[in-house]
Amino acid sequence: MAGSAYVHIPFCDNICFYCDFCRVISKEKEKWLETIKKEIQEKKMGRLRTLYFGGGTPSSLEEDHFKELSSLFSFQEEYEWTVECNPDSLTESKIQLYSRLGVNRISLGVQTFKEDLLTSIGRKHTNKQVFDRIQQLKENKISNISIDLIYALPNQSMEDLKKDLDTFLTLNLPHLSIYSLQIEENSIFGKRGLEPVDEDLEADMYEYICERLKKAGYEHYEISSFCKPDKYSRHNLIYWSDEDFYGLGMGASGKENNVRYDNTRSLKMYLDQGASPVYIETTLEEKAYEAIMMGLRSTLGFDIRKWENRYKKSFKESYKDVLEKYVPEYLVLEKNTCKPTQKGMEMLNSILVDFLE
Amino acid sequence: MDQSKIRNFSIIAHIDHGKSTLADRILELTETVEKREMKEQLLDTMDLERERGITIKLNAVELLYHAKDGEDYIFHLIDTPGHVDFTYEVSRSLAACDGAILVVDAAQGVQAQTLANVYLALENDLEILPVLNKIDLPSAQPDVVKQEIEDLIGLDCSEAVEISAKSGLNVEQVLEEIVKKLPAPTGDPKKELQALVFDSIYDSYRGIIAFVSVKHGSIKPKDKIRFMATGAEYEVIEVGIRNPKEVIKEELQTGDVGWISAAIKSIDDVRVGDTITHVDRPAPEPLTGYRELNPMVYCGLYPVDNARYDDLKEALQKLKLNDAALQFEPETSQALGFGFRCGFLGLLHMDVVEERLEREYNLNLIATSPSVIYHVYKTDGTMEKIDNPALLPPIQKIDHIEEPYVSAEIMVPKEYVGAMMDLCQKKRGEYVDLQVLDDVRMNMKYELPLSEIIYDFFDKMKSCTKGYASFDYNLSGYRPSKLVKMDILLNGQIVDALSTIVFKDFAYNRGNAMTIKLKELIPKQQFEIPVQAAIGGKVIARTNIKALRKNVLAKCYGGDISRKKKLLEKQKEGKKRMKMVGSVEIPQEAFMAVLSMDED
């Protein structure tokens, strides 16, 4: 039985230009709550090790809705419960509630500290809101805080990025997720036909980020994730280490008994018929590949022995040629793990293409 | 059947102007095919053909028409090849006829392709029957279009029939006009046999089947026949017609259009345009207009996956059965491995063959830049024919090189003469003559190096004359030229498949254009790749393909994994279509870069 769950809260107060996740601006929150409550109860989950409320914008949920939803989960000791928050919908009162209910990790969507850039990507919050919320979170004993930043934004310079990182470092937070802008087909940017920034600039930015954060004492433990010692996102590690997790709510994906599923992305369908998961039929072969595709994202290493037991073949034999090509410059083999080097992280897609049969 | 009751004709039309729809209506009206079962019946024949490995073409159909004058007539509707650029084949199909129906879209008017084919029909002395189609469209302007036909072609359109092939409106009137206005075949049944070969197909049971138009005399099974140009002799096994199903006949008479089977093994014996006569009573001379079709353009064809060499060989052998002009022999390239040097009539022929190999035989191919045949005179006094630039002897062993020239005739509306002359000049053309044909058209004559035509000449011609030019050429001989071999180096290594032979004065421009184009076509790789053009070891142009430094998905969590995997699978597919040369992955298109580069 899975010890982790992801809950998708699809509501947003406005739509950001880069986002292609399942998100709706809707007034039917009551009916949605009834539906997801039923869905969660039917799962008959045990006590969880990690729980993640993502979205959409979980912090846009009304307090009593949030409370009702939370009452359906129980935890093991040493659990991690993350809620994704938007600085302008997260209020002090909500922070107090979260703390009371036992939320112990917050992921705050900051994206950039340059306010005119924020406007240009459809974000409505201010820097003051960010600093105030972080202060209030700490006052309410939620100190395990991560923020999200985006780089390679249209018109963002190297100087802008450096300032963003400097600001992040003054906040002295345990975790940072920093993504290069991906222009998704179904996002507003994608529909506007936005041109990506210069590839060399993007590579320069990434290399700068990795170096700067390493110097400041952060561990670069996944392509886009950095943390202070031991402050990994334990929930996200579940995804990268081929573990099962429940996917709850419309727009959520899950994996149970090593079978992936996607819940419906249509609010209407969700309210009428529930999660309606579509199970993704994959061969063992494909599953083995997906495990590599996810596992090599993390420098904590991909557990070769676990993979071999599960997929009944030898890793080193099956990928002899690929390993010969990429070890040790791009990949390293060490104590039954395989992990990417800095260069390997930058070129992971090229490597993964070679892993494909 | 009385010869005066036969009408042999083609339909000339621009694509989409309604040629096949009109043909369908004619088939229905003549009750050759029942309306309801028409599709099915035709498809049945085609499936059968497909099983036997025959190319699907409706070469010539015999139709019975009961005219309003109370008499029965036999129509032979002869198809022309779809590609107008096969001018010679089109002209032979037209030579099999006595008349042609010119179909023009009443909304769109005369198009360049139509014009070119009308000229061919006029050269073959065909009577032309103008017909305006799509008359029921709101945008139809029959009077404007009629005037246009009169101005451009000089055909009297006062009695042109206005039809809608789609609805069938006035199509019967076209049939009546065919009876009244198109001439019957004028051949003499008592004279020695002269049958024009205008097409052929391969049938795995019966060998090559020749399609013929009997101009004089008659032909029947057991006749001993001779192909006058190739000299091949055979005994006729069966003769017949198609209606469109195959029907065996006792005899083909003067004016008949049908097929002959004679257990012919080699396509090389049956050349389009050749004349068939009897061995024991031969015609004194063949019909005019035969031309031997020799390959003029060569390129290397290689399977992307070396393991499929034998499949490629088999596919080429099969195509060859239906295509006399195709030639091929094995060759090897350092960069590409084992493949074939193939000869084609021209660039379009090359495209068609390549496309068929890829589509019908499911082969993934790399085609190298096309080349003509150069005569290379060496310092030791010998001459070598070179059709592969990579095989050009070293400079110090070459005395001089000669290249093929063509005499080109270009018919073009007056207003484009200036633009066309500029183009010919740029392509090293030598002006020969300029004639006024009529109020609107002029005929330009130029001597041009063939190698300049096989690149982008046709595209450039189309764009500078809006498509209203027709072009015909004949090999006129070899002339000495200042030619050099230009090599391309990727990552410091010569890629033999990218070598070309160029006119010396063009080398710098072409080297530049080529390196820029390659930079565009070759995707970034994990290291920087210098791209150089060099002549005899001296670099004349250079650029760099920057290294790919970052290729990774920023976000990948629990959802959307299938989509992200698809992204990688797509990259993998792209990689499969690339050839690893040394340490560089080169996409197929790059080997044809020379065709798509912009030198201006």
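Visitor: What does B:Asp223 form a salt bridge with?
Guide: B:Lys220, with the closest N and O atoms 3.4 Å apart. A salt bridge here is a side-chain nitrogen of Lys or Arg within 4 Å of a carboxyl oxygen of Asp or Glu. This is a predicted model, where local features need pLDDT of at least 70 and side-chain atom pairs count only at pLDDT 80 or more, while totals for chains, interfaces and linings use all residues; side-chain values use heavy atoms, with hydrogens and water left out. Residues are numbered from 1 along each chain as its sequence is written, and chains are lettered from A and ligands numbered from 1 in the order in which they are written.

Visitor: Is B:Asp223 buried or exposed?
Guide: B:Asp223 is buried, at a relative accessible area of 10%, whereas B:Lys220 is partly exposed at 40%. The cut-offs: buried is under 20% relative accessible area, exposed is over 50%, and partly exposed is in between, using a 1.4 Å probe and protein chains only.

Visitor: How many salt bridges over all chains?
Guide: The count comes to 61. One of them runs between B:Arg563 and A:Glu184, with 3.2 Å between the closest N and O atoms. B:Arg563 sits in helix 13 (residues 561-576) of chain B and A:Glu184 in the loop between strand 6 (175-180) and helix 7 (188-192) of chain A, so this pair joins two chains. Helices (H or I, at least four residues) and strands (E, at least two) are DSSP runs, numbered from the N terminus.

Visitor: And how accessible are B:Arg563 and A:Glu184?
Guide: B:Arg563 is partly exposed at 32%, and A:Glu184 is buried at 13%.

Visitor: Which residues are linked in a network of salt bridges?
Guide: A:Asp200, A:Asp204 and A:Glu207 are linked with B:Lys546 and B:Arg549.

Visitor: What about B:Glu62, which residue does it form a salt bridge with?
Guide: B:Lys249, at 3.7 Å between the closest N and O atoms. That pair links distant parts of the chain: B:Glu62 is in strand 2 of chain B and B:Lys249 in strand 12 (residues 246-249), 187 residues apart. B:Glu62 is buried at 12%, while B:Lys249 is partly exposed at 33%.

Visitor: How many residues between them in the hairpin?
Guide: There are 5, and B:Gly70 in the turn has a positive phi of about 90 degrees.

Visitor: Another glycine, then. Where does B:Gly217 lie?
Guide: In chain B, in the loop between strand 8 (207-216) and strand 9 (224-227). B:Gly217 is buried, at 2% relative accessibility. From B:Gly217 to B:Pro189 is 4.2 Å C-alpha to C-alpha, although they are 28 residues apart in sequence.

Visitor: Over to nonpolar packing. How many residues has the largest nonpolar core?
Guide: 111, and those with the most contacts inside it are A:Trp32, A:Phe53, A:Leu69, A:Phe73, A:Tyr98, A:Phe315 and A:Phe355. Helix 11 (residues 284-295) of chain A gives the largest share, 6 residues. A second, separate core has 87 residues, including B:Tyr374 and B:Phe503. A core is a set of buried Ala, Val, Leu, Ile, Met, Phe, Trp, Tyr and Cys residues joined through side-chain atoms within 4.5 Å.

Visitor: Which side chain does A:Thr50 join in a polar contact?
Guide: That of A:Ser4, at 2.7 Å. A polar contact is a pair of N or O atoms within 3.5 Å; within protein, one must be able to donate a hydrogen and the other to accept it, and residues adjacent in sequence count only if both atoms are side-chain atoms. A:Thr50 belongs to strand 2 (residues 48-55) of chain A and is buried at 2%.

Technical notes: Two strands pair if DSSP finds at least two bridges between them.
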